[in-house]
Amino acid sequence: TCMTRWKTLAELGGQPSSGMGVTILPQTFDAMKLPPASPQIILTHDKIVYYHELCLQMAMLYTASQPYDWGAPRPTQRSIFMDHPLIEYDLSPNFQTGTITNTTQTARQWRPVTARPITNIGRSMDYPDRAIPATLWGDTANFTLARPFKAEERCRQLVFWSVDWMGYEDFETAPSALIDASKYQFAAPIGTTNQDDMSERMDSSTWPDHHIYQFRNPEKVITFTDNAVPDLPTGSDVAGRRILNQDGHGGTDKGGGIDQRRRFLARWGADRNFNGILDRGPLPRSLRLRASEVSRYNFYDPRLTLKLR
């Protein structure tokens, strides 16, 4: 492709290439090896295009065939750009054990396993000063993600129901549903100061807040921050009393304080129709409503988080 910088299209035989092109003479690289010289070729524009497309095809084939070679560059021309090799946790008792940084606390975790051994693993983006130990990985024989399965083993049904939940008197003042403790995100000790302080550890991982839906309360954006909201009259302006896309540096719902935890759990409710107004329905919360089935969908359990593009 460098030839197109120094030779005109006409000199390279035109397009399509019907002219003679440029003669590339044989080149000797190492007389001790056979063959001692490269062959003479006539280089044309069409041949340059062919070479370029062939190189891209070879790179595409390699990246698609070798997702576990982490040292090979991935061409940006690929529609998926980056490969996502299958990795799962080895649930056998062969744990990775050690001591948590800056503590005497011992810990253990499952080892990751892959379908094929990873080559040219390199170093992590977060800790480039530390080599990734080879002992981190588990036995590839315990890899199960790609094993055949019977339809009845993985068949699931997704059922959608409809109920007039916005008709309840407390549909915006009721707390959020119970939240698993793992959603109360904080960073593991990484050797920095104040890592024993819960608020400091939570500030170390604020970046996923706007990007990864699995963290924090699913109602985080619409959660009320003020304990006075449940006592406000219906129709009150509550637009300024929602967390929205604050990342927590202001102490909204992150930290060990009682108010931060109450905001995390949405104990004071949430603007669930996102209209900035405190709404109440006509139905008492003691009334039980009948749900109506909307639809059912059969699908295979994929075992993984999948995205379509």
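Predicted model: local features only at pLDDT ≥ 70, side-chain atom pairs only at ≥ 80, totals over all residues.
So, which side chains meet in a salt bridge at 3.6 Å, N to O? That would be Arg 262 and Asp 259.

Arg 262 and Asp 259 sit three residues apart in helix H5, so about one helical turn lies between them. Neither end is hidden away: Arg 262 is partly exposed at 35% relative accessibility, and Asp 259 is partly exposed too, at 31%.

Okay, zooming out. The protein has five helices and eight strands, and reading from the N terminus the order goes α-β-β-α-β-β-β-β-α-β-α-α-β. There are 309 residues, and 26% of them are buried. If you take contacts with a separation of 6 or more, 62% are between residues 24 or more positions apart. The accessible surface is about 21700 Å², with carbon and sulfur atoms holding 57% of it.

Back to charges. The structure has seven salt bridges, including the one I opened with. Another joins Asp 226 and Arg 241, at 2.4 Å from N to O. Those two are 15 residues apart, both in the loop between helix H4 (198-203) and helix H5 (258-264). Asp 226 is partly exposed at 23%, and Arg 241 comes in at 24%, also partly exposed. Then there's Asp 129 with Arg 130, where the closest N and O atoms are 3.8 Å apart. Here Asp 129 is exposed, at 59%, while Arg 130 is partly exposed at 44%.

Now the greasy bits. The largest nonpolar core has six residues: Phe 224, Val 229, Leu 232, Val 238, Trp 268 and Leu 278. Leu 278 has quite a list of contacts beyond four places in sequence, among them Phe 224, Val 229, Leu 232 and Val 238 from that core, plus others such as Glu 172 and Thr 173.

And on the outside? There's a nonpolar surface patch of about 480 Å², made by Leu 158, Phe 160, Val 294, Tyr 297 and Phe 299. Strands E7 (155-162) and E8 (292-300) each put in at least two residues, and E8 gives the largest share, with three. Val 294, which is in E8, is exposed at 54%.

Note on methods
Residues numbered from 1 in each chain as written. Heavy atoms only, no water. Patch = residues over 30% accessible without salt bridge, like charges linked within 9 Å, V, L, I, M, F, W, Y side chains within 5 Å. Areas by Shrake-Rupley, 256 points an atom, 1.4 Å probe, with all protein chains shown as cover. Salt bridge = Lys/Arg side-chain N within 4 Å of Asp/Glu carboxyl O. Helix = DSSP H or I, 4+ residues; strand = E, 2+ residues; numbered from the N terminus. Buried < 20%, exposed > 50% of the residue type's maximum accessible area, 1.4 Å probe, protein only. Core = buried A, V, L, I, M, F, W, Y, C linked by side-chain atoms within 4.5 Å. Contact = heavy atoms within 4.5 Å.
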